[in-house]
Structure formats: structure tokens, C-alpha cells
Amino acid sequence: MTSVLPMPVSAPSQRQRLKAIIGGSTGNLVEWYDWYAYSAFTLYFAQHFFPSGDRTAQLLSAAGIFAVGFLMRPIGAWLMGVYADRHGRKSGLTLSVALMCAGSLLIAVTPSYQTIGVGAPLLLIVARLMQGLSIGGEYGASATYLSEMAGRNRRGFYSSFQYVTLIAGQLVAICVLLLLQAILSEAELDDWGWRIPFLIGGGLAVVVFWLRRGLSETQSYAIAKAEGGPKSGFVELITRHPRETLTVMLLTAGGTIAFYAYSIYMQKFLVNTAGMDRETASQINGITLFIFMLLQPAAGALSDRVGRKPLMIGFGLLGMIGTYPIFATLAVTRDPMIAGLLVMAGLTIVTGYTSINAVVKAELFPAHIRALGVALPYALANTLFGGTAEFVALWFKQMGMEQAFYIYVSLMIGVSLIVYVRMRDTKQHSRILED
């Protein structure tokens, strides 16, 4: 009996790579815009979903639901990671954006607590669970897609656009906030204006749904499907790739909490701790995120020359040493320029993780289980550390121990640093075999 050899699959041309990466990145931007709009507008809508109380209590409730959304991320990572491994990266990306659209539109139309009582926060939870399911699958599918579509010698550069668009999504959310602050009064924004960004996000997600249906599939997936072999699944992941799974969780832990501390939580920290007004805090957040976004491709390209490991070790060392003094100084800073420089210092340090984390994770796994391997352990680490960062920070503040949060972030970066030092450089030992 003769065996049937799989048909050869040609590598994509440079034009095809660029088209696919631009198309995939655009969808990723809209996904993360929808996800971050919740955080950007929390200062305005918290009062509509929760009973009257002091600002910190309302923000704490909203941050709790933000964290609840992360509980669905491992489930989304598992289900859609398997789906993307078995049915294609393109199919996984299309499904994730449809769920994100539904969640955003639900937030936009949900009545306030004063109108429907406890139904308001319950519907908000449902919407965030849907978005958590979506974003859990989005990260693994997009990180895998961008890493596989990039050529061997420019994989760090091209895959860095996963975080470029992730940050851009957050930045667009901030820009929408700044625009609404400029054209609407404070009362209008508090009353109904906060619903606009969620309507925008739902509409854009519909456009991206059709865009993603026209993307090309990756060479890695096509070859893996043609060759057959083991199917992607949870048991396959933990029994055949336990070391890689644990590595992804631990290298993510410090990076994700640092990212959320310096980006998502920073806007609230500048208002609630440093005492700045909401407009100034939003401007600082927007400007620093824009510069941070531009740093990603440069750092990704650097990793193609010097390797992934030096950048991660640099983040670990500087993050562990610098986080406490940066936050402690920000807490007593009243000058917006100084505050902006301090935030930018923190984000520059975090670039050593954000610019290359997608490709590092993708390079650890073989193609047949790559989307699940990237998505699930990353989502678990995000649920435990990234999604709870705001809640933990606000809880420490409410308990009168705000400095404990700075120590907590520093220690978690230190844990990841140990992993960075001990692991092999994935640039030299990549399991993405295609050119």
C-alpha cells in the first residue's frame, strides 16, 4: 500500500504577506478598540450601572466586571484556539470579531441602573463575557497568523504589528474619548455620550467581519492540514507540550501586569491618585500610547538582529527595578509634562515584552497546535494577572496600601525575568519551519 504525499504548498509572495498582515492587523485593531473602550469610558458610565456611591467604589465595581470579562478569555482561547488549529487561522479571526461586535452593541443599548435596577450590571456582565470569549480567541489566532505569514528573517518585525494594532485600538478609544470631550459638555458625556464609542465599535466590527472573510490562509496551517497528524486539543497541549505551556504562562505574567499597569490603569491612576483632571489624564494617556505604538516595530526589527531573549531580559531587569520609583513619583507629581515622561519611561521598558511576545509564543509550538498553545496559557496568565491589575490596584488604594501595588507589579516582573534568563532564544530555535 503506497502512502499519499501531501501536495507542496508554496510560500506567499512579499505582496501577499503584506496584504494578509495589513488585513489581519486591521481586524485586530477593531477588536482591541472594542475591548479598551470599556476602560477608556469607565469614568463616565460607572455611575449608570452601579448604585450611587463614592468614585473609588464605583470604579472598583466597574473594574471588577472588567476582570470578570477576563474569566471568559481562557474559555475563548481554548475553544477558538482549537477551532483555528483545526479549521484555519482565518476562520478563527472571523468568528472572534462577530462576538466582539455583539458585546459592544449590547453595552451601547443597555439601560441604566436607575431605569432597570440590577438588570443593568447583569447585562454589562453578559456583554463583557461575550467580549472576553472573543478576545480570548483573537489573541491566539492573530498572533499565530501574523507570525506564520511573516518571513523567517523579518518575523519579529511583522509580528510586532500584533501589538501595534492592539495599542492602536486602545489609542483610537482614547482619541474618541478626547473628541467627545471636545464636542460634548461634561453633562452630555456623563448622560448619554459614553454610549457613542460602543456604537462605533459595533459598526466597525461588522465591516471587519467581511474583511476577514477575504484573507489568505497561512502556509503553516495548509501544510499541517495536508500532512495530517495529531489534532489540536487541551489534552494534546498539556500532555505533549507541558513545558512550552508553562513557559508561556510565566513569561506572560510579568509582561501583562506591567502592560495593564502602565496603559489601562494609568488613566485612572493619574485622576484618582495624582489628582489630575480627566481631560489631562486622557491626553497624557493618548500621547504616551502613540509613542509606545511606534516603538513596537523598531523593537521587533531589533529582535530579528540580536534575538528575542536580550529584549525580554532588558524588560525584566528594568521593570523590576524601575516600577516602584516610577509609580511612587507619579503619585505626587502635578506637572503633566513630568507625568508624561514618567509614563513614557515605563512604557518604553514594557516594549521589551510587548513587541515580541507574540512571535516568541508562536515559535514555541508546532503548527498543528500553535493557535491553542499561544492562546490558552496566555489567556490564563491574563486572567490571573492582567485582568485583575486594576481591581488589585484600586483595592490596595481603598485599603490605604497603594504602594503595595507597585511592589506586586515589580515582583511579578521578577518572576518572568527568571523565565527569560532560563529559556532558549526562540529566534534560533523556532518551530515555525516555513520561510
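Trainee: Which helices each supply at least two residues of the nonpolar patch?

Mentor: This is a predicted model. The patch lies on the surface and is formed by Ile75, Trp78, Leu79, Phe234, Val235 and Ile238. Helix α3 covers 55-87 and helix α12 covers 234-240. Those that each supply at least two patch residues are α3 and α12.

Trainee: About how much accessible area does the nonpolar patch have together?

Mentor: Count Ile75, Trp78, Leu79, Phe234, Val235 and Ile238 as one patch. Together their accessible area is about 540 Å².

Trainee: Is Leu79 buried, partly exposed or exposed?

Mentor: Leu79 is found in helix α3. Buried means under 20% relative accessible area, and exposed means over 50%. Leu79 has 44% relative accessibility, so Leu79 counts as partly exposed.

Trainee: What kind of aromatic pair do Phe269 and Phe327 form?

Mentor: The count of aromatic pairs comes to 21. In the pair of Phe269 and Phe327, the centres are 5.2 Å apart and the planes stand at 80 degrees. Planes over 60 degrees apart count as edge-to-face. The pair of Phe269 and Phe327 is therefore edge-to-face.

Trainee: How many residues apart are Phe269 and Phe327?

Mentor: Phe269 sits in helix α14, residues 266-272. Phe327 sits in helix α16, residues 309-331. Both Phe269 and Phe327 are buried. Their pair links distant parts of the chain, 58 residues apart.

Trainee: Which residues do ring pairs link into a cluster?

Mentor: Phe269 and Phe327 both belong to the cluster.

Trainee: Which residue lies over the face of Tyr38?

Mentor: Look at the ring centre of Tyr38. At 4.2 Å from that centre lies Arg128.

Trainee: How many residues apart in sequence are the parts that Arg212 and Glu138 tie together?

Mentor: A search of the whole structure finds 12 salt bridges. In one of them, the side chains of Arg212 and Glu138 meet at 2.9 Å, N to O. Both Arg212 and Glu138 are buried. Arg212 lies in helix α10 (residues 196-212) and Glu138 in helix α6 (residues 119-149), so the parts tied together are 74 residues apart.

Trainee: How far apart are the closest N and O atoms of Glu186 and Arg278?

Mentor: Glu186 is in helix α9, residues 186-191, and Arg278 is in helix α15, residues 278-306. Glu186 is partly exposed at 36% relative accessible area, whereas Arg278 counts as buried at 11%. The two form a salt bridge, and their closest N and O atoms are 1.8 Å apart.

Trainee: How many residues apart in sequence are the parts that Asp190 and Arg278 tie together?

Mentor: Asp190 forms a salt bridge with Arg278, with the closest N and O atoms 4.0 Å apart. At 18% relative accessibility, Asp190 counts as buried. Asp190 lies in helix α9 and Arg278 in helix α15, so the parts tied together are 88 residues apart.

Trainee: Which residues do salt bridges that share partners join into one network?

Mentor: Start with Arg370, in helix α19 (residues 370-386). At 1% relative accessibility, Arg370 counts as buried. Leaving aside neighbours within four places in sequence, the contacts of Arg370 include Thr144, Ser220, Phe365 and Ile432. The network joined by salt bridges is Asp85, Arg89, Glu148 and Arg370.

Note on methods. Residues numbered from 1 in each chain as written. Predicted model: local features only at pLDDT ≥ 70, side-chain atom pairs only at ≥ 80, totals over all residues. Heavy atoms only, no water. Phe/Tyr/Trp six-rings, centres within 6.5 Å; stacked < 30°, edge-to-face > 60°. Helix = DSSP H or I, 4+ residues; strand = E, 2+ residues; numbered from the N terminus. Buried < 20%, exposed > 50% of the residue type's maximum accessible area, 1.4 Å probe, protein only. Lys NZ or Arg CZ within 6 Å of the ring centre and 35° of its normal. Patch = residues over 30% accessible without salt bridge, like charges linked within 9 Å, V, L, I, M, F, W, Y side chains within 5 Å. Areas by Shrake-Rupley, 256 points an atom, 1.4 Å probe, with all protein chains shown as cover. Contact = heavy atoms within 4.5 Å.
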